[in-house]
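Trainee: Could you walk me through this one, starting with a single residue and then moving out to the chains?
Mentor: Gladly, let us look at it together.

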Amino acid sequence: MAIYKSASWTRARLLAASVPLLAIPTLLAAGPASAASGNVALVAYSTPKPAYAALISAFNSTAAGKGVNFSQSFGPSGTQATAVVNGLPADVVNFSLAPDMNKLVKAGLVSASWSQGSTGGMVTNSIVSFVVRKGNPKHIKSWADLVKPGVSVITPNPFSSGSAKWNLMAAYGAQLAQGKSKAQATAYLTQLLKHAAAQPSSASNALQTFLSGQGDVLLDYEDDALYAQRQGEPISIITPPQTILIQNPIAVPKNATNPAAAKAFVSFLLSTAGQKIWGKQGYRPVLAKVAAQFSFPKPQKLFLISSLGGWTKVNKVFFDPQTGVIAKIEQGLGASTSSG
Amino acid sequence: MLVRIAGPGLAITYLSLLVLLPIAAVLSKAFSGGLGALWSAVSQPEAVAALKLTLLCSLGVAAFNSVAGLVIAWMLVRDEFPGKRIVGAIIDLPFALPTVVAGLTLLSLYGPDSPFGVDVAGTPFGILLALAFVTLPFSVRSVQPVLVELDREAEEAAASLGATSAVTLRRIVLPSIAPAMLAGAGLAFARAVGEFGSVVLISGNLPFKTQVASSWIFSLSQSDDLSAAAAVSILLVAIALAVLVGIGLVRRRFNVDESI
């Protein structure tokens with residue numbers, strides 16, 4: 001995963017500033033598109049890869065999906081969005097969080113009304129969960145348990161991973177949900193990052209790090225944790241009493257080369273049949289009637305990113321790499337370790 | 001005739017497309033926010049900490065692998081032992097192994113669940129280990145051909161004149177292979193400063209503690225701060241270039257043909 005990441009980062013960087021190179025992917029894209037091969041280029045974040053294998057084969061057995069081929073690209077959400085902005089051909093884009101979709105809106109590739117659909121532009125939901133060692137030997141139940149002496153936490157680096165942003169906003173919002181003030185919630189984030197044994201560059205690296213034996217608790221997408229459990233990893237999943245509802249956006253870009261097949265695929269993903277498959281793969285369906293058929297744990301308090309001001313504001317206030325609250329916390333922790 | 005005319009032109013075009021143009025693109029991106037923005041990007045505390053760590057680790061690994069590489073190359077050239085050909089082939093494996101696989105493997109062997117009880121995950125030693133792994137082929141392969149060519153008669157003459165093996169090594173062998181060792185160290189250093197895949201898992205990636213420069217650059221790119229990412233990259237490239245040029249100057253003192 002990481003190698004792909006660094007490769008596409010280099011690609012993005014090179015493409016960004018050099019016009020002759022920019023033309024290359026566009027020219028390459030023109031070839032297969034003109035042939036009416038019914039190919040759909042799916043560009044998505046890393047975690048739903050196994051789910052898409054099941055979804056694509058189910059779609060291919062429907063009338064609308066018969067004979068549609070897929071080229072699939074999976075990688076960290078932010079990297080994927082940057083790659084599409086810089087010319088990676090895409091018929092369907094699925095990111096882990098809305099700001100990555102907004103990068104495409106800003107580049108004129110996705111309509112600003114992408115979030116107007118019946119599901120608000122979202123294809124799946126999930127929550128931030130605690131992943132612990134099998135049997136929960138450290139008795140982790142609440143956010144307060146994560147910052148007790150002797151407990152170490154793994155959460156990805158919030159400046160490189162969308163998943164880490166969900167995790168930290170879950171932690172912050174959980175404090176507010178318990179009646180704490182904003183200052184107290186920020187102080188909690190400082191404590192939490194102090195307990196971080198590692199901040200891997202992506203959600204998948206974070207899972208690998210945790211499975212290698214580091215840390216007592218991993219903050220992770222519920223769906224990713226369920227997948228790891230299905231793979232037989234020795235973990236237990238704890239649903240925090242208060243947590244955030246993760247919403248993953250999907251869209252068909254304006255410059256899609258095969259919009260008809262792409263739209264048919266997205267409709268399938270949002271259909272009852274499609275949502276059932278998502279549910280079986282560990283994602284919380286966005287259709288209430290399908291969600292009711294599954295028994296996902298119900299946290300006492302489930303809040304939305306909008307209750308914290310929405311991603312645009314949150315990104316600016318918390319995750320600006322130079323001036324954000326999180327950058328200041330990391331700098332404070334860094335200063336205290338280098339002087340002491 | 002055709003080759004003589006077209007050859008250099010093609011070579012320069014290829015080099016431009018492949019190396020100069022991308023570097024120029026990064027350079028222009030780095031300066032896109034002006035000098036002030038460039039300075040604030042490279043002087044930000046996270047960047048300074050990551051650069052310091054990366055340069056120290058890269059220097060350490062380049063120095064250490066120069067010696068380790070010499071020992072291994074010596075063994076491959078001068079010693080006969082069963083399986084020598086296999087060992088010779090294994091040297092290049094770090095190049096072939098995808099770095100992310102290398103990172104995972106190192107983490108499982110030298111992390112918390114280490115079968116040997118060696119846990120360097122989340123420490124600078126983990127970074128050194130990963131860098132030593134990926135740069136070893138440079139160190140071995142740059143001295144090996146020189147050792148093959150080395151005139152053994154000079155060593156034998158030194159020995160017959162009563163020089164101890166330590167003196168022979170210092171006065172006869174080292175001066176001949178020092179330029180090659182330096183070249184290998186330069187390549188190892190340049191590779192190490194930009195390494196990402198193999199390092200990022202075992203390092204733990206903690207800001208100010210174990211986050212390397214390439215990972216900080218990756219964070220900046222993911223946070224949509226491409227000009228800051230380019231600024232830190234350019235500083236890394238400049239340092240690597242300065243080291244390579246410096247090594248070239250030192251090599252000159254050994255009267256080595258610069259084109260090698």
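**One residue, then the chains**

Mentor: Val217(A) sits in strand β7 of chain A, which covers residues 217-221, and please keep in mind that this is a predicted model.

Trainee: Is Val217(A) buried or exposed, and why?

Mentor: Val217(A) counts as buried because it has 23 C-beta neighbours inside 10 Å, and the cut-off for that label is 20 or more.

Trainee: Which residues is it in contact with, leaving aside neighbours within four places in sequence?

Mentor: With those set aside, Val217(A) is in contact with Phe130(A), Val131(A), Val132(A), Ile140(A), Leu146(A), Val151(A) and Val153(A).

Trainee: And how many Å apart are Val217(A) and Ala196(A)?

Mentor: Their C-alpha atoms are 9.4 Å apart in space, while in sequence the two are 21 residues apart.

Trainee: Changing topic, how many residues of chain B are in contact with chain A?

Mentor: On the chain B side there are 42 residues, in contact with 36 residues of chain A. Helices that each supply at least two residues of that chain B side include α1 (2-30), α3 (45-78) and α12 (226-253), and by class the side has 22 nonpolar, 15 polar and 5 charged residues.

Trainee: What does the domain assignment give for chain B?

Mentor: It gives domain 1 (1-30) and domain 2 (34-253), and the C-alpha centres of these two domains of chain B lie 27 Å apart.

Trainee: How many residues of domain 1 of chain B are in contact with domain 2 of chain B?

Mentor: There, 5 residues of domain 1 are in contact with 8 residues of domain 2, and the domain 1 side has 4 nonpolar, no polar and 1 charged residues.

Conventions: Residues are numbered from 1 along each chain as its sequence is written. Chains are lettered from A and ligands numbered from 1 in the order in which they are written. This is a predicted model: local features need pLDDT of at least 70, side-chain atom pairs count only at pLDDT 80 or more; totals for chains, interfaces and linings use all residues. Two residues are in contact if their C-beta atoms, placed from the backbone, lie within 7 Å. Helices (H or I, at least four residues) and strands (E, at least two) are DSSP runs, numbered from the N terminus. Ala, Val, Leu, Ile, Met, Phe, Trp, Tyr, Cys and Pro count as nonpolar, Asp, Glu, Lys and Arg as charged, and the others, Gly among them, as polar. Domain bounds come from an automatic or database domain assignment. A residue is buried if 20 or more other C-beta atoms lie within 10 Å of its own, exposed if 12 or fewer, and partly exposed in between; C-beta atoms are placed from the backbone.
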